[in-house]
Amino acid sequence: MKKISLPALKRKLWIIFSAYIRKRDKGRCFTCSKIRLRSRKYHAGHFLPKKVSGLELYFHEDNVHGQCAGCNLAWQGHQYIYGKKLGEEKCEELFSLIGKGNWSAQDYLDKIELYKKKYESICMRRVQKRV
């Protein structure tokens with residue numbers, strides 16, 4: 001079996017994790033509440049920026065929500081509004097996790113499987129509702 005690098009595993013996890021977040025949030029921007037159904041204009045945006053928060057928050061479901069491209073990119077996440085919607089207690093919890101998380105290849109693989117299952121579960125629930 002070919003060994004996959006940690007950056008490649010991180011990218012693979014981000015693809016499935018962000019797809020799950022966008023599906024979970026049903027195309028609605030967390031910060032401005034607009035509905036964005038086209039995938040290029042609908043992102044998985046972070047409350048605490050992924051560049052400084054560490055792996056634990058990079059892939060934390062409470063730190064990442066669906067956001068329109070305007071809020072996520074042009075307004076740099078609208079962090080103030082994002083924080084108000086999360087609430088003080090949740091914000092404090094997330095801030096306490098900054099810098100935590102040093103993952104092995106197996107940790108990434110486990111998370112990839114977890115989010116594949118969560119994504120498939122959402123898709124199946126929506127199909128069952130239509131039937």
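Is Cys91 buried or exposed? Cys91 is buried, because its relative accessible area is 9%, and buried here means under 20% relative accessible area, exposed over 50% and partly exposed in between (1.4 Å probe, protein chains only). Cys91 has its place in helix α6, where helices (H or I, at least four residues) and strands (E, at least two) are DSSP runs, numbered from the N terminus. Along the sequence Cys91 stands 29 residues from Asp62, and in space the two are 9.2 Å apart, C-alpha to C-alpha.

## Basis of the description

The model is predicted: local features need pLDDT of at least 70, side-chain atom pairs count only at pLDDT 80 or more, and totals for chains, interfaces and linings use all residues. Residues are numbered from 1 along each chain as its sequence is written, and side-chain values use heavy atoms, with hydrogens and water left out.

## Salt bridges

Side chains of opposite charge can pair when their charged atoms come close. A salt bridge is counted when a side-chain nitrogen of Lys or Arg lies within 4 Å of a carboxyl oxygen of Asp or Glu. By this rule the model has six salt bridges. One of them joins Arg24 to Asp25, with N and O 2.7 Å apart. Arg24 is partly exposed at a relative accessible area of 21%, whereas Asp25 is buried at 18%. Both residues belong to a network of salt bridges that also links Glu61 and Lys118.

Another salt bridge connects Lys90 with Glu93, and the closest N and O atoms of this pair are 3.1 Å apart. Lys90 and Glu93 are three residues apart in helix α6 (residues 88-95), so about one helical turn separates them. Lys90 is partly exposed, with a relative accessible area of 23%, and Glu93 is partly exposed at 36%. In helix α7, Lys116 and Glu113 are likewise three residues apart, which means a separation of about one helical turn. Lys116 and Glu113 form a salt bridge whose closest N and O atoms are 3.7 Å apart. Lys116 has a relative accessible area of 30% and is partly exposed; Glu113, at 41%, is partly exposed.

## A positive patch on the surface

Which residues gather in a patch of positive charge on the surface? They are Lys10, Arg11, Lys50 and Lys51. Such a patch is made of residues with over 30% relative accessible area and no salt bridge, like charges being joined within 9 Å. Lys and Arg count as positive, while His and the chain ends are not counted; the place of a charge is taken as NZ of Lys or CZ of Arg.

Helices α1 and α2 (50-53) each supply at least two residues of the patch. Arg11 has its place in helix α1.

The buried residues of α5 are Tyr82, Gly83 and Leu86. Seen down the axis of α5, these buried residues fall within an arc of 95°, so they line one face of the helix; the arc is that of the directions from the helix axis to the C-beta atoms. The face turned away from this buried side carries the exposed residues Tyr80 and Lys84.

## Loops and residues with positive phi

Lys26 is not a glycine, but its phi is positive, near 55°. Lys26 is found in the loop between α1 (6-24) and β1 (42-46), and it counts as exposed at 56% relative accessibility. Gln76, also not a glycine, has a positive phi of about 50°. The loop between α4 (69-74) and α5 (79-86) holds Gln76, which counts as exposed at 70% relative accessibility.

Asn102 lies in the loop between α6 and α7 and is exposed, with 75% relative accessibility. Although Asn102 and Leu55 are 47 residues apart along the chain, their C-alpha atoms are separated by 6.9 Å. Asn102 and Arg125 are 23 residues apart along the chain, and their C-alpha atoms are separated by 33 Å. Arg125 has its place in helix α7 (residues 105-130) and is partly exposed, with a relative accessible area of 46%.

Notes: Patches are made of residues with over 30% relative accessible area and no salt bridge: like charges are joined within 9 Å, nonpolar side chains (Val, Leu, Ile, Met, Phe, Trp, Tyr) within 5 Å. Accessible areas come from the Shrake-Rupley method with a 1.4 Å probe; for residues, only the protein chains shown count as cover.
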